[in-house]
Amino acid sequence: MTILCVRFQLPPTSEAALPGLLGTLEEFTPVIEALPPDGALADLRGAERYFKRDVEELASLIRVRALAWHGVDCVIGAGPGPMFARMALREAAPGTTRVVPEDPCALAEFLAEQPVRALPGVGTATARTLCEYGLDSVGKVAAAPLSTLQRLTSARTGRELHEMAQGIDRGRVVPNAVSRSLAAERPFPRDELDPDLHRRALLSAAEELGSRLRALDKVCRTLTLTVRYADLPHSRTGSSGGTPVATTRSRTLPEPTAHSSSLTDAAYRMYEALGLQRARVRGIALRAEGLDPAERASYQLTFDPVDEKVRRVEEVADRVRAKFGPRAVMPGSLVA
């Protein structure tokens, strides 16, 4: 089995382009797992035999089509499983494909020289703990006893680390639909330091998402915030100073919603939790995920008259916008 992990080198705050790019992958396989805002996993099992091309040739075709049809280049990692594909992606240079062969000896050699942070699911805290005890590479983790790993982390984490370091990849590509999410992007014309303008962008994006959700008769269960900073190389994280070039945070909402006020409150809380101080922000994007039909959603009963009034005002505003245009009714702070 060959898995591709693709990261499209999208311009700042261009998450809305992802569905079209995934259509390029669908030309080769129907088993695709979208990884918003700019990536995907693709299971090419059977595609090599069907197209009579090896994985590197298929990856080159995907890159050429993405460039020709969408003007977007990509970086690709390939391996016998999702874990290896993700790790290969970390080593791939922009515009190239890094392939990890399926030969057991080659897999073991590839893993042995990887930093422990390269293992999927290993965060900063876990990596720091392992490095303090000299387990700074996957090869050293593979050689460590299972009991030691479990003592340093936890029973479950230690077992997962031990399996991954031994080359056991239990991951799989779970097909999903990027259409089950909606994105609203707000780029700034220049690097913006003003928190008030950041909040206005969040308000505008949340209003747009709420309006689109209600027009589709949908609700969302999760809201994701992406803040992109002034330093914007194609890599997701890391700049010349080691500072992330983009921060992504997700929040599961208390209940599925399409109401702009609820989305705005959640967006504000995520933004405030980032603790940005004079950050030079290039753009902000909000994405509503886990979309479901509104009639299937369950809600907590409320007897708050203010809440009911807001809902009725929202319904009237939607009807006015449908008749006179999207700018017919908007929050006062966005009029300017």
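**Burial.** I began with how much of the protein chain is tucked away: of its 336 residues, 43% count as buried. I keep in mind that this is a predicted model.

**Elements.** I then turned to the secondary structure and found twelve helices along with ten strands in the protein chain.

**Contacts.** I also checked how far contacts reach along the sequence. Taking contacts between residues at least 6 apart, I noted that 67% join residues at least 24 apart.

**Ser 137.** Where does Ser 137 sit? I found Ser 137 in the loop that links helix H6 (124–132) to helix H7 (138–143). Is Ser 137 buried or exposed? Its relative accessible area is 15%, so Ser 137 is buried, the cut-off being under 20%. Leaving aside residues up to four places away in sequence, I listed what Ser 137 touches: Ala 112, Gln 114, Pro 115 and Val 116.

**Asn 176.** My second stop was another loop residue: Asn 176 lies between helix H9 (155–165) and strand E6 (182–192). With a relative accessible area of 40%, Asn 176 is partly exposed, because that class runs between the 20% and 50% limits.

Which residues does Asn 176 touch, not counting those up to four places away in sequence? I wrote down Ile 32, Glu 33 and Ala 34. For Ile 32 I looked up the spacing as well: its C-alpha atom and that of Asn 176 are separated by 6.8 Å, though the two residues are 144 residues apart along the chain.

Note on methods:
Residues are numbered from 1 along each chain as its sequence is written. This is a predicted model: local features need pLDDT of at least 70, side-chain atom pairs count only at pLDDT 80 or more; totals for chains, interfaces and linings use all residues. Side-chain values use heavy atoms; hydrogens and water are left out. Helices (H or I, at least four residues) and strands (E, at least two) are DSSP runs, numbered from the N terminus. Buried means under 20% relative accessible area, exposed over 50%, partly exposed in between (1.4 Å probe, protein chains only). Contact means heavy atoms within 4.5 Å.
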